[in-house]
Every structure is written in C-alpha cells, then in structure tokens.
Amino acid sequence: RSVIGTHCYPKLGMPEFDIARNVLLLIYAQTLGWIGLFFAPLLPAIQIITFFITFHVKKVSLMMNCQPPRMAWQASHMTTIFISLLFFPAFIGVLCLIGVTVWKLRPSMFCGPFRGLTIAYSSVSHFINERMTRLEWLSWVYKNMLRSPLFYFILSIIVFAFIY
C-alpha cells in the first residue's frame, strides 16, 4: 500500500501502523502457545524464534512503509482493564482445555509419554506411589490434600477473592 499511496494514488497516503490489531495478534499467538505447550513441549522455543523474527520484520516494515498515526496512541487506551479482559479469559480457557485433556481424555495406547495409562494425570499418581516411598510427607500431601475436592473448592474461593 505504501507504493500505491505514494506513487499511484497520493490521496490514499501511506498506511498507519495499527497498534491495537498487533496487540490482539500478539495475545492470540500467546494463547495458542499456551494451548500447544502440553502437546508440544518445544513450542515455546519455536514461539520465541517466531516472535523475534516477526518483531524485526514488523519493525523494518513500520520504519519503511508506515506513517505515524494521526491520533497519538495514549497510555489510557491500553489500560490494565483492557489487558485483563483479554488475558484472563484466554488463560482460563487454556486452563480448562488442558484440565479436560489431563483429567478426562484417554491417551494413546501405543505412543506418547502417557501410553498405557487410563488418563494422563494417573502418571502423577504412579510417580508419587512408586517413586516417592522415602518422602512420606509428600505422599501424605498428595493423598489427603491434592486428591480432595474440598482443597480445590477452597483454593478456587481464594483465587476468585484475589481476582475480585
């Protein structure tokens, strides 16, 4: 559009860099990274490389092809409420998806780190019961606290009170 705006149709002008759109794309990419973390543990490394390349490509494109926005981007546009409205639903959605995957879905019987188990979470139970015989306090914490629905209910109330 820069070439068209400067040479062919000067009334159109050079494009403006859309900060809000790029912030939304960044949050979307981060959410996809969170979802994929359980399924592909090397995804954060790939995401860091991708973000690094994307940042520098957009920086060069911004310097060469875009004009400054007509209205200055004020800090009041990007308030904490806006970020929290984008961040928390994405984070809670990812936690729900990973939770269902870990506690409800049956893993593959023939491949993967959880093969042969009924659910992926049973690997934690197996590790605590089989490998941690010397640390009896850890086994007690797992059996009496982490497997108790009351513990998660109280933890949820504390988290919701903190968020509110």
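**Figure 1. Overview of the protein chain.** Of the 164 residues in the protein chain, 16% are buried, where buried means under 20% relative accessible area, exposed over 50% and partly exposed in between (1.4 Å probe, protein chains only). This is a predicted model, in which local features need pLDDT of at least 70 and side-chain atom pairs count only at pLDDT 80 or more, whereas totals for chains, interfaces and linings use all residues. Residues are numbered from 1 along each chain as its sequence is written, and side-chain values use heavy atoms, with hydrogens and water left out. Among contacts (heavy atoms within 4.5 Å) between residues at least 6 apart in sequence, 44% join residues at least 24 apart.

**Figure 2. The largest nonpolar core.** Six residues, Val94, Ile98, Val102, Tyr121, Ile128 and Tyr142, make up the largest nonpolar core, a term that denotes a set of buried Ala, Val, Leu, Ile, Met, Phe, Trp, Tyr and Cys residues joined through side-chain atoms within 4.5 Å. Helix H4 (residues 80–103) supplies the largest share of this core, with three residues. Tyrosine 142, once its neighbours within four places in sequence are left aside, is in contact with Tyr121, Val124, Ser125, Ile128 and Arg147.

**Figure 3. The packing of helix H2 against helix H3.** Helix H2 (residues 19–37) and helix H3 (residues 43–65) pack at an angle of about 165°, their axes lying 10 Å apart; the axes are lines fitted to C-alpha atoms, for helices over the stretch in contact, and angles run from 0 to 180 degrees between N-to-C directions. The pair is therefore roughly antiparallel, given that angles under 35 degrees count as roughly parallel, over 145 as roughly antiparallel, 65 to 115 as roughly perpendicular and the rest as oblique. From H2, the residues Asn22, Leu25, Leu26, Ala29, Gln30, Leu32, Gly33, Gly36 and Leu37 meet Leu43, Pro44, Gln47, Phe51 and Lys58 of H3. By class, the residues of this contact are eight nonpolar, five polar and one charged, with Ala, Val, Leu, Ile, Met, Phe, Trp, Tyr, Cys and Pro counted as nonpolar, Asp, Glu, Lys and Arg as charged, and the others, Gly among them, as polar.

Figure 4. Glutamine 47, placed in helix H3, is buried with a relative accessible area of 14% and, not counting residues up to four places away in sequence, touches Ala29, Gln30 and Gly33. Threonine 101, which lies in helix H4, is likewise buried, at 11% relative accessible area; with residues up to four places away in sequence not counted, threonine 101 touches Phe38 and Phe39.

**Figure 5. Asparagine 129 and serine 139.** Asparagine 129 is found in helix H5 (residues 122–131) and, at 39% relative accessibility, counts as partly exposed. Its C-alpha atom is separated by 7.1 Å from that of serine 139, a residue ten places apart from asparagine 129 along the chain.

Conventions
Helix = DSSP H or I, 4+ residues; strand = E, 2+ residues; numbered from the N terminus.
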